[in-house]
Amino acid sequence: MSDINATLNWMRSRVGKVGYSMSYLRHGPNYYDCSSAVFSALKAGGFWPQNGVLGTTETLYAQEGK
């Protein structure tokens with residue numbers, strides 16, 4: 001079951017604790033870029049499969065309405 005509060009809490013719990021990177025470090029847990037942070041938060045909330053790959057902004061747009 002998906003939980004928007006878990007998604008938001010994942011993001012909130014990282015404010016001020018992680019850095020921004022577009023390098024290979026961007027998949028966490030210490031650095032994220034915009035899209036990898038969103039995908040990780042979606043995983044935490046059950047909106048994206050736990051074994052699903054972290055996509056890009058283009059992948060996110062393709063999910064519109066799903």
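Helices here are DSSP runs of H or I with at least four residues, numbered from the N terminus. In this predicted model, helix α1 covers residues 4–12 and includes L8, while helix α2 covers residues 34–44 and includes S36.

**On the surface**

Together with I4 and F47, L8 makes up a nonpolar patch on the surface, and the accessible area of the three residues together is about 270 Å².

**Around S36 and R26**

S36, by contrast, is buried, because its relative accessible area is 0%. Leaving aside residues up to four places away in sequence, S36 is in touch with R26, H27 and L54. With R26 there is also a polar approach, in which a polar atom of the S36 side chain lies 2.5 Å from the backbone oxygen of R26.

R26 takes part in a salt bridge as well, and its partner there is D33. The structure holds one salt bridge, and both of the residues that form it, D33 and R26, are buried. The two distances that involve R26 are set side by side here.

| Pair | Atoms | Distance |
|---|---|---|
| S36 and R26 | polar side-chain atom of S36, backbone oxygen of R26 | 2.5 Å |
| D33 and R26 | closest N and O atoms of the salt bridge | 2.9 Å |

How values were computed:
Residues are numbered from 1 along each chain as its sequence is written. This is a predicted model: local features need pLDDT of at least 70, side-chain atom pairs count only at pLDDT 80 or more; totals for chains, interfaces and linings use all residues. Side-chain values use heavy atoms; hydrogens and water are left out. Patches are made of residues with over 30% relative accessible area and no salt bridge: like charges are joined within 9 Å, nonpolar side chains (Val, Leu, Ile, Met, Phe, Trp, Tyr) within 5 Å. Accessible areas come from the Shrake-Rupley method with a 1.4 Å probe; for residues, only the protein chains shown count as cover. A salt bridge is a side-chain nitrogen of Lys or Arg within 4 Å of a carboxyl oxygen of Asp or Glu. Helices (H or I, at least four residues) and strands (E, at least two) are DSSP runs, numbered from the N terminus. Buried means under 20% relative accessible area, exposed over 50%, partly exposed in between (1.4 Å probe, protein chains only). A polar contact is a pair of N or O atoms within 3.5 Å; within protein, one must be able to donate a hydrogen and the other to accept it, and residues adjacent in sequence count only if both atoms are side-chain atoms. Contact means heavy atoms within 4.5 Å.
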